[in-house]
Amino acid sequence: MMQGLLQRYRKLPPMAKYLAISVFVTVIDTVVVWILSMQLSVNLTAANTAGVIVGQIIHYTMASGQVFDMEFGPIGAVIYFGTFVLGLLLANWIITTAFSFSVGLLGDHLAFLFAKGCSIVGPFFALYFLRKFLYGLVKRRKNQ
């Protein structure tokens, strides 16, 4: 069964692989943020930063070669983690804004889930297309 799933995964287009990896990483990220913010009372922005950092390290190791066809190295790492900083800033702005707007209506736990969801969707697309563009530039320059 696992072999069949792996074979199907390998046949997916890059955007679908990026989505699959992102879903896996999002679960890890969300669990980290939930534990830190809801169980240990860590500030939401700090907790989200920790969750996103853990997620991006895992995401980089999985997506570099499988999605963007970029080997591990300094250029790929600079692109990935440079865009990560932009994504982190965007995610933190979205989660704090969405939480503050929704907490009065939804309560702490549902507002957290709503805000976390919002902070995942926007950066997902922004980072995929920005990374694809930047990796494409690097590949074109290498081929010239």
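Let's start with the largest pocket: 23 residues line it, and Thr26, Asp29, Gln56, Ile120 and Phe124 lie nearest its centre. A pocket here is an open set of points on a 1 Å grid over the protein atoms alone, where a 1.4 Å probe fits, with protein on both sides within 12 Å along at least five of seven lines; lining residues have an atom within 4 Å of a point.

A word on the source. This is a predicted model, where local features need pLDDT of at least 70, side-chain atom pairs count only at pLDDT 80 or more, and totals for chains, interfaces and linings use all residues. Residues are numbered from 1 along each chain as its sequence is written, and side-chain values use heavy atoms, with hydrogens and water left out.

H5 gives the most, with eight residues.

Now H2, which spans residues 14-39 and holds Ile35. Buried means under 20% relative accessible area, exposed over 50%, partly exposed in between (1.4 Å probe, protein chains only).

Last stop, Ser41. Ser41 sits in the loop between H2 and H3. At 65% relative accessibility, Ser41 counts as exposed. Its phi is positive, about 60°, although Ser41 is not a glycine. Most residues other than glycine have a negative phi.

Technical notes: Helices (H or I, at least four residues) and strands (E, at least two) are DSSP runs, numbered from the N terminus.
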